[in-house]
Amino acid sequence: MVMGVIIIGSIFIKQSLIVTSIFFNQQYPTLESVAERWGLTYSKDAEFELVFENNILSLIKRDEPKLKGISVDFVSGAVAHRRKFGGGRGQSIAKAVGLKQGVTPTVVDGTAGLGRDAFVLASLGCKVIMVERHPVVAALLEDGLRRAYEDSEIGEWMNARMSLFHGSSIDTLADAANAAGTEIDVVYLDPMYPHREKSALVKKEMRVFQSLVGADLDADGLLKPAMELASKRVVVKRPDYAEDLDGVKPSTVIATKKNRFDVYVKAAMIS
Ligand SMILES: C[S@@+](CC[C@H](N)C(=O)[O-])C[C@H]1O[C@@H](n2cnc3c(N)ncnc32)[C@H](O)[C@@H]1O
């Protein structure tokens, strides 16, 4: 049953705030509380809707009503499957952040999105502070975290390892790290990059997500604060055809089928 609908109009990003599970511990979330928390408003001509149904918050593009809503599901979604059956520490992303036997770096994911990469790293043992600037994406992430924190299988380590900070990594990266109260080994970045393929080939869910958050045209501004914060390295995920972030050549590159991880090394990872 659909409990209600928020139609998102103009979005104004309020000052940064630290997000914990406390908010949702008090009561079952309602759309009204989500709207108030994230500064979302109703508007008749909005492009998107947020729906809270069966204990899951999801995003719908109003002119694509047949598409499945976008939500964050760490408990039983595709990332949960990857946690159980993926390549463990052998995955390129794990190698890129320097994860190895006896080394589980503390990571700030400065462009959290739907939290998939962050979850892969957390499930391999890293403490991950996710930073997301878009209030709707942050609301979806917080809802996914809430359900994960409550889960009997993954709740304990999710509570210990994954957290969320709402703000822009261009100017609040250090605040996110201070809030976490720990030294940051690695900053991980995966800003949006325009797809080269014809739009029909890009996954529909991805297109909806892209039309919500836009093109991250200011992404070059992420590298400098990331290099300042990370004590060991900065990792940037890029499509294989993309130029280097901010035109800066990485120390090393780990290539995958369609993407690459550009690694900017500052210091060696020590166990
Ligand atoms: C391609 S998505 C990241 C996907 C993510 N790696 C995943 O695994 O789900 C990029 C995200 O970064 C966010 N973003 C871009 N620039 C940002 C910034 N300066 N500060 C915080 N978030 C940012 C966008 O809003 C978007 O949600």
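These questions and answers walk through a predicted model.

Student: How many cavities of 30 Å³ or more does the count give?
Tutor: The count takes in cavities of 30 Å³ or more. By this rule it comes to 2.

Student: What is the volume of the largest cavity?
Tutor: The largest cavity is lined by residues including L59, I60, K61 and V208. Its volume is about 60 Å³.

Student: Which element gives the largest share of the lining of the largest cavity?
Tutor: Two elements give two or more residues to this lining: β4 (56-61) and α9 (204-213). The largest share is 3 residues. That share comes from β4.

Student: How many residues of the lining of the largest cavity are charged?
Tutor: The lining includes K61, E64, K68 and E205. Lys and Glu count as charged. The lining also has 5 nonpolar residues and 1 polar residue. The number of charged residues is 4.

Student: How far apart are the end C-alpha atoms of helix α6?
Tutor: Helix α6 has 16 residues, 135-150. At 1.5 Å a residue, it should span 22 Å. The distance in the model agrees with that: 23 Å.

Student: How many of the 16 residues of α6 are buried?
Tutor: Buried means under 20% relative accessible area. Helix α6 is largely enclosed by the rest of the structure, because its buried residues number 15 of the 16.

Student: Where does H134 lie, and is it buried or exposed?
Tutor: H134 lies in the loop between β6 and α6. Its relative accessible area is 12%. The cut-off for buried is under 20%. So H134 is buried.

Student: Which residue has its backbone nitrogen 3.1 Å from a polar atom of the side chain of H134?
Tutor: The contact runs from the side chain of H134 to a backbone nitrogen. The distance is 3.1 Å. The residue is V136.

Student: Which residues come nearest to the ligand?
Tutor: There are 22 residues around the ligand.

Student: Which residue puts a polar side-chain atom 3.2 Å from an oxygen atom of the ligand?
Tutor: S168 has a polar side-chain atom 3.2 Å from a ligand atom, but that atom is a nitrogen. R133 uses a polar backbone atom, 3.3 Å from a ligand nitrogen. The side chain that lies 3.2 Å from a ligand oxygen belongs to R116.

Student: What is phi of D216, and where is D216 found?
Tutor: D216 is found in the loop between α9 and α10 (223-229).

Student: Which residues of α2 are buried?
Tutor: Helix α2 covers residues 31-38. It is largely enclosed by the rest of the structure, because 6 of its 8 residues are buried. Those residues are L31, S33, V34, A35, R37 and W38.

Student: Which residue takes a positive phi just after α2?
Tutor: The phi is about 65°. The residue is G39.

Student: Which backbone nitrogen does the side chain of T111 reach?
Tutor: T111 sits in the loop between β5 (106-109) and α5 (116-123). It is buried, with a relative accessible area of 16%. At 2.6 Å, its side chain reaches the backbone nitrogen of D190.

Student: What distance separates the C-alpha atoms of K127 and I184?
Tutor: K127 is in strand β6 (residues 127-132). It is partly exposed, at 30% relative accessible area. K127 and I184 are 57 residues apart along the chain. Their C-alpha atoms are separated by 9.6 Å.

Student: How far apart in space are V265 and R233, C-alpha to C-alpha?
Tutor: V265 is found in strand β11 (residues 259-265). It is partly exposed, with a relative accessible area of 40%. In sequence, V265 and R233 are 32 residues apart. In space, the distance is 4.5 Å.

Technical notes:
Residues are numbered from 1 along each chain as its sequence is written. This is a predicted model: local features need pLDDT of at least 70, side-chain atom pairs count only at pLDDT 80 or more; totals for chains, interfaces and linings use all residues. Side-chain values use heavy atoms; hydrogens and water are left out. On a 1 Å grid over the protein atoms alone, a cavity is a set of points where a 1.4 Å probe fits but cannot get out, and a pocket is an open set with protein on both sides within 12 Å along at least five of seven lines; lining residues have an atom within 4 Å of a point. Grid points are joined across faces, edges and corners, and a volume is the space filled by probe spheres set on the points. Helices (H or I, at least four residues) and strands (E, at least two) are DSSP runs, numbered from the N terminus. The expected span of a helix is 1.5 Å times one less than its number of residues. Buried means under 20% relative accessible area, exposed over 50%, partly exposed in between (1.4 Å probe, protein chains only). A residue is near a molecule or strand if one of its heavy atoms lies within 4 Å of it. A polar contact is a pair of N or O atoms within 3.5 Å; within protein, one must be able to donate a hydrogen and the other to accept it, and residues adjacent in sequence count only if both atoms are side-chain atoms.
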